[in-house]
Amino acid sequence: MLSQDTYKKIDRELAKYPADQRQSAVMASLAHAQVELGWLSPDTMQEIADYIGMPAIAVQEVATFYNMYNIKPVGKHKITVCTNLPCALSGGERAGQRLKDKLGIDYRDTTADGAFTLLEGECMGACGDAPVMLVNNHRMCSFMSDEKIDALVEELKK
């Protein structure tokens with residue numbers, strides 16, 4: 001299921017730890033698999049568990065605990081809005097509502113064309129930049145005014 005390129009990346013992660021602590025690379029391994037596949041199916045989690053040599057349930061526990069892992073298919077662009085208290089008080093609620101209205105979906109939904117998934121997120125460690133959102137777990141967007149939100153959505157649509 002995973003490509004040889006992804007296995008090479010996982011091997012680099014595994015090399016960082018002693019042989020008896022291979023499970024320490026599980027988070028990075030899940031991230032590499034998700035970048036390739038877009039989400040982590042039960043079969044993908046089993047494949048990682050087998051490769052690392054740890055119980056599949058332990059891999060699943062990690063994948064379901066952290067919200068950066070997608071355990072069901074998501075849109076091409078996953079936008080996570082920080083709704084933790086500092087961001088909520090500094091425009092996070094407004095930013096989330098703007099995205100809901102603009103995309104025509106609610107949190108935990110995906111647009112009919114599969115382009116966007118909208119999620120709520122906990123603290124992203126950038127409270128001073130509120131409101132904050134992440135695009136596909138890799139791009140942080142700060143100080144998201146209505147104009148910046150509109151521009152982001154238009155950019156991602158291209």
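Modeller: One definition comes first: buried means under 20% relative accessible area, exposed means over 50%, and partly exposed is in between (1.4 Å probe, protein chains only). This is a predicted model, in which local features need pLDDT of at least 70 and side-chain atom pairs count only at pLDDT 80 or more, while totals for chains, interfaces and linings use all residues. Residues are numbered from 1 along each chain as its sequence is written, and side-chain values use heavy atoms, with hydrogens and water left out.

The protein chain has six helices and five strands, where helices (H or I, at least four residues) and strands (E, at least two) are DSSP runs numbered from the N terminus. Along the sequence, the pattern reads α-α-α-α-β-α-β-β-β-β-α. The C-alpha trace spans about 50 × 35 × 25 Å along its principal axes. Of the 158 residues in the protein chain, 43% are buried.

Now to the charged pairs. A salt bridge is a side-chain nitrogen of Lys or Arg within 4 Å of a carboxyl oxygen of Asp or Glu. By this rule the model has 10 salt bridges. One of them joins the side chains of Arg94 and Asp146, with N and O 2.7 Å apart. Arg94 belongs to helix 5 (residues 85-103) and Asp146 to helix 6 (residues 146-157), so this pair links distant parts of the chain, 52 residues apart. Arg94 has 36% relative accessibility and counts as partly exposed. Asp146, at 23%, also counts as partly exposed.

Another pair is Arg98 and Asp150, whose side chains meet in a salt bridge of 2.5 Å, N to O. Arg98 sits in helix 5 and Asp150 in helix 6, and this pair too links distant parts of the chain, 52 residues apart. At 29% relative accessibility, Arg98 is partly exposed.

Arg139 pairs with Glu155, and their closest N and O atoms are 2.7 Å apart. Because Arg139 lies in strand 5 (residues 139-141) and Glu155 in helix 6, the pair ties together parts that are 16 residues apart in sequence. Both residues count as partly exposed, Arg139 at 34% relative accessibility and Glu155 at 40%. Through shared partners, salt bridges join Arg94, Arg98, Lys102, Asp146 and Asp150 into one network.

Next come the nonpolar residues elsewhere in the chain. In soluble globular proteins, nonpolar side chains tend to be buried together. A nonpolar core is a set of buried Ala, Val, Leu, Ile, Met, Phe, Trp, Tyr and Cys residues joined through side-chain atoms within 4.5 Å. The largest such core here has 19 residues, and those with the most contacts inside this core are Val26, Leu30, Leu40, Ile48 and Val59. At least two of its residues come from each of helix 1 (4-14), helix 2 (26-37), helix 3 (42-52) and helix 4 (56-65). Apart from this core lies another, of 18 residues, including Ile79, Val81, Ile105 and Met133.

Contact means heavy atoms within 4.5 Å. Setting aside neighbours within four places in sequence, Val59 is in contact with Val26, Leu30, Met45, Ile48, Ala49 and Met54. Helix 3 has the buried residues Thr44, Met45, Glu47, Ile48, Ala49 and Ile52. Their cover includes helix 1, helix 2 and helix 4.

Beyond its neighbours within four places in sequence, Gln34 contacts Trp39, Leu40, Met68, Tyr69, Asn70 and Asn137.

The cysteines come last. With a disulfide taken as a pair of cysteine sulfur atoms within 2.5 Å, the count is zero. Cys123 is in no disulfide, and the nearest cysteine sulfur, in Cys127, is 4.0 Å away. Cys123 is partly exposed, at 44% relative accessibility. Cys141 is buried, at 7% relative accessible area. The closest cysteine sulfur to that of Cys141 belongs to Cys87, and because the two are 12 Å apart, they are too far for a bond.
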